[in-house]
Each structure stands twice: as C-alpha cells, then as structure tokens.
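My notes follow in the order in which I looked.

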Amino acid sequence: MSGYSVKVVEGKYKLSGEFSTIEPNQPIFDEKGKLCGICNPRRIVHHHSLGGEAPFFAALARGRLLATRCDNEKCKDGYRSVFIPYRIHCPDCLERNTEIDITDLANRTARVYTFMVCERSGAFNTLEKPIRFVNVAFEGTATILMSYLLGKASPKIGMRLRPIFRTRNPTYTITDLAFVPAETRPEDLPPGFTFSLEPA
Amino acid sequence: MITFSKRQLKIPKFSRDVYLVTGGNSEFRRAFPEKRTEELCIEAFQEAAKYIGMTAAELKQFIHTCYYGHFADHFGDQLLGEAVIHDRLGLDPLGNVGIKTGGATGGSTIWEAAKAVASGYSDCTLAMGWERMDEVPTDEGNNYIACAADKDWETPLGHIYTGYYAVMAQKYWNVYGREEESFRRTLAEISVKNHGYAYHNPFAHGGMKITVEDVLKSPVVAYPLRALDACLMSVGASCVILAEKETAYQMSRNPLLLYCAAGSHTLRVADRRDMEIPLLPNETPDTYKDLDREFPGEERYPGFTGFLAARMAAYYAYHWTGIQDPCEDLDLVELHDAFTISDVQTYEDIGIRPYGRGRTYVESGDCYHTNPKTGKPGKLPANLSGGLLGCMHAVGATGIMQVVELMYQIHGRHAEIHGDPARWKRYGKEKPKDWVDLQVRGARRGLAISHAGVGSHVTCTIVMQPDARLDQ
C-alpha cells in the first residue's frame, strides 16, 4: 500500500494521501442459494507512536542495541537492573530508566536461552518461514529478549549468537534486529543486514 | 514486581458467600455461517434457565448486573459487541460491562460477576462469554491473536502467537522433559485423553478417538508440538448465573459455593525476572531445594517453564478456600489445555504436582476418569469436557464453559446433559453407540483454570457443594 504519508509537525500528526480504501461488498450464499452473510472488505492504514521507545528503534538502524537501567538507589527490586526489551520506566519504582548501549555486551555474551522453529505464520508476516524464534540471554541483564535467527544454522539452547542489524532500508520495527551464530562471517550475512556499527 | 508486600499477598475474601446457581453452553463449532453471535448467547442463556426449571424470561427477573466476556472485537468486526448482546438479551437498562483478558476472559468474567455479588452491589449477576473466530481466514485469525502480544516487540515477529508460546514449550521440553521420547508420548496421551472425552460431549466439536501414534504423526506446528497437541479454534457461548445465598436458594434447590481468584504476569515473556517460588500449602522450601540439580538448565523462576499468574491464582484460591492439596481436596479439574505441554506446566503451577514432576500426573493415571493402569476411578480427573483440545476454545466462553461442566458434575447431572439423544440430534450429530457416562461419582469440589496466552492473566475458580466447604 502506498500513496500516503504521515509526518509530525509542531507536535501534531499531518496526514496526506489515502488511508482508508473501501471495496464493494460481496454476498455469501449457501449451496442452495440462501443468503447467509456478507463480506466487508476494506484496507486501513494505522499510524502509531513509538513514544519513549523510539530511540531503541532508531538505534537499530544505526547498528546499535540499546537497553535501559534503573539507577534509582531507593528502588528495592529494580536498582541496577538492565532491561532489554527497552523499558522506559522501571517496573518497580516507575522512575524513568537510564538509557544504556549494550551492543558490545550483546556481541560478547548473547546466547540462546530457548528457541522455536515455527512452520506457520499469521497474515502480514514478513519473515521467511520456517521462522526460527530465539530468546536471547545477555550476561547481567534482568530479562530475555525475543528475536529471530537468520542464516542457515539450526538454533540450540546455549548457542552463542551475535546481533545483526538491518542498517540498509530499515523498517524501524523489531524485525530490524536479528541474530546469527557467533562465528558467522560478515560476507554471509543476509542482504540489508550488518554486524553492529561503531557509534556515530 | 519480584517481591511482594503482605498487603499484596492478602488472602482474598468475599464479604458474603457467592453461589453458582446455574449455567449453560451453546453448541460449539469451528464455524457457524448461519448463526449470529446473539443466537449462540441466547442458546446458552436458555440452557441455563432450563437447567433450573425456569423460562428465560423468569431467569432474567433475578439478574441485576451483567458481565460480558469477549476477547477480540476485531474478530467480529464489532466494537462494543457486549452492548449488542446485552440489547439482544433484552437486559437493558441493567448495568453491564465488557471484560477482556485474552484467553482468561471467561474466568475473568466470572471473577468480576462474583465480586459484584460478594460486595452486595448485586444479589444476582450474569456472566456471559463468547467468541466469533470464524469470520476471517485462519492466517488473519492468527494475526489477530498475535495482536494480543506486544505490537512493537512481538507481533511483527511472524504475527503468530503459537511461536511466542512455543518457545516456552521448548524450554520445558528441554529442561523438565529432558527431550525424552517417553515425555513426548506422555504429551500425546493428554491429547488422546481429551479428544477422547470430547467424543462423549455433544457440545464439543473436536471429539475423536485417536491414538498416541496419530498425535505423533500429525503435522508439526512448532517442534515438538504437533497439530493434535494444539487447541481448537471455536465459535460459541457460555454463561453462568451467580447469586447471594437467599436469592440463590430462591432460584435453585442446590446452588454451589463459588470462589474465584486471579493472578497476572508480564505480557511479554521477555520481561520475566527471576524470583523466589511462591509456595502453595502442599509445598515447603525443601520441596525445591534440589530442583536445579535434578533438572539443570533452568536457573530462573518462573523462567520460561512456569506460569507465575497460575501459581498466584492458585495461591490465593487455595489459602482462601482451605484447600491444602488439590489431589486430596478436589474431585475434578478443568484446565486450560491450550497445548499439551502447557497443560503439564499448569499441573505444576497449581500444585497438582511439584515443579518438574507434572508428567507423573498423566503417567500415574491420576488425571483420567478411569485410571487405565488400575481400572479404578482416577484420583483427580482432568478435562472430562474434552478441554480446549477436544471440546472448544471460543476464547471468551472457555473459562465459563469449564465452570458449567464442573457444575454438571458436582450436581451429578453429567449424563442427563451429555447423554440426551435429543441434544445430540439437535446439534446434527448421532449419539455414539459406545457413549460413556463420564460422571465422577460423588464429585463435590472442582477447580477451573482460565489462562491467557503466555500467562498474562490466570483465574482459578473453585466450586463446591455448600456442605463441602473447607474454609470454616
């Protein structure tokens, strides 16, 4: 779908083009010709704020992996906890977390915590099937990130991984981040993906 | 949170007792091209009225507020579907509200309806749930279900909820299942059992006589899970009527006591943090002192192998009702068997077995109506309705259907409802010649677990004969 654009100007959405496309209804009959129902086709474009998580998605396009950390010394459970997925606020004290770059940590310590090879997908899937989900543990983080494995290897629990980034034509979605086995050579990366890039 | 205050661990208490007066199910199918949702809801309501010898109009006279469980507006392409059903049931101008907690929607609807009675706001409430999952293609349905995951962090990853769930199954399979063929067969036995029980249930649409080999040869969905390890996708409605004591006895000679507690955990499995295991009444710290050594590979709790929400729902419910050991104090259970492996995980979360030992509930034969190893009654039969694998998973109705089935059992009316040839005929089916009465003899207490997805919400509903209460 194209022919539309969304921008933010002076704090407000500015929409242009076509967002809602209606198509003619179609009746549904049974084998005897009795009317049973109606089809209601149309296409819709949603737009959605990434809000305080936008830095994470922007960083993926620059080849960097961001997380957050609770730096509130008074926080009983969360203090010094590192959160990936990136959480804007600490789930315990609700203070705003500190953004940290964990790219090097991920390059050194990413491992498969669990995985799943999924033969099916839902509508609008953009990933190649079978999808190899990997849940990735990093040394010292409080949480375990869900992502997907690219390349030819089959995932295994404990497998060492490296993050890769869709730095060419990024989508600014979580699919811009994937993982490959740690020993993967740069020339074997899928099109559009690179290993991490040096900070700008 | 990973540590809890005393206030957060307060054992729930109703201000007055809540009774389950009646309930009813519609027929369940994969699709109902010739029925609107309201027709299914009215069918369930009429079933509930008939069960206590009333007309629908008579039953309506008792209802004060209404709670409607409907998970996914977008499946039916109708926002505020609850208002549509409320209108078609002719229950205006009574107050009503919609409840949405994913797969736990049915249980949560009961939770809310019970609290209204317990608080004194209402003397009698309706909890009605339904789902319409047949009006989009299956891959669009998968996308819609995946929209219940985090839209920025999970949904774009394949738009397939099964995948988000199955990573947990993989971890359990690896750590506690030890990737053993014998465990794979145990999982298949659950599927055989629940499809087999559904075969005797006229409401069900997944009843089948299958073998372990059939399950093991069914198409792989996400290894080690296969098609016959996964629940149905269904359309249908269920309802229960709850009331305070005096009203309940005006409506029925034998209302049942009902308790309902709830727990939750992170929407994204990714956000789970390590914590201490909250212990149930039949566990001590010693129960788990050797767990890591015995089952290496899961250094976290609940990690990806347990459901904290289920554990907390059981924690609240058991301490509240006085249940010490579910295997000793309950007569049957209806569990949320969305997948065979999650069924095993739930055995552990709710203390039927300790963590790591869930498979023995199946392997001992305890989970059967009749223990296949001894020929005697199973110690704690599970999912005699057929569960989500064999009966149905019309999401908003599922947790309510479970409680209706418990009610039939505890009233000793299972055969009357399930064995009626006219009902089978009305649903376009022939009652099997080898139909079996799955009544649990002398059933007095039952439990239902209603569970959302990767464990964001879980409710634990316990129903019992009033003279079987343990909390006094």
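I began with helix 4 (residues 81–88) of chain B, which lies across strand 2 (65–70), strand 3 and strand 4 of chain B and runs at about 130 degrees to strand 2 of chain B. I took contact to mean C-beta atoms, placed from the backbone, within 7 Å; axes are lines fitted to C-alpha atoms, for helices over the stretch in contact, with angles from 0 to 180 degrees between N-to-C directions. Helices (H or I, at least four residues) and strands (E, at least two) are DSSP runs numbered from the N terminus.

This is a predicted model, in which local features need pLDDT of at least 70 and side-chain atom pairs count only at pLDDT 80 or more, while totals for chains, interfaces and linings use all residues. Residues are numbered from 1 along each chain as its sequence is written, and chains are lettered from A and ligands numbered from 1 in the order in which they are written.

Next I traced the sheet of chain B, an open one of 9 strands in the order 3-2-4-7-1-8-11-10-9 with mixed pairing, where two strands pair if DSSP finds at least two bridges between them. Strand 3 (95–99) and strand 9 (332–334) of chain B are the edge strands, each pairing on one side only, and the twist averages 25 degrees from one strand to the next.

I then followed strand 7 (residues 236–243) of chain B, which runs antiparallel to strand 4 (residues 124–131) of chain B and is joined to it by 8 bridges. Within strand 7 of chain B, B:A237 is the bridge partner of B:W130, and B:C239 stands opposite B:M128. Strand 1 (residues 19–25) of chain B also pairs with strand 7 of chain B, in the antiparallel sense over 6 bridges, with B:T22 opposite B:I241.

Lastly I checked where the chains touch, and the contact takes 35 residues from chain A and 35 residues from chain B. On the side of chain A that touches chain B, the largest share, 5 residues, comes from strand 10 of chain A.

Conventions: Contact = placed C-beta atoms within 7 Å.
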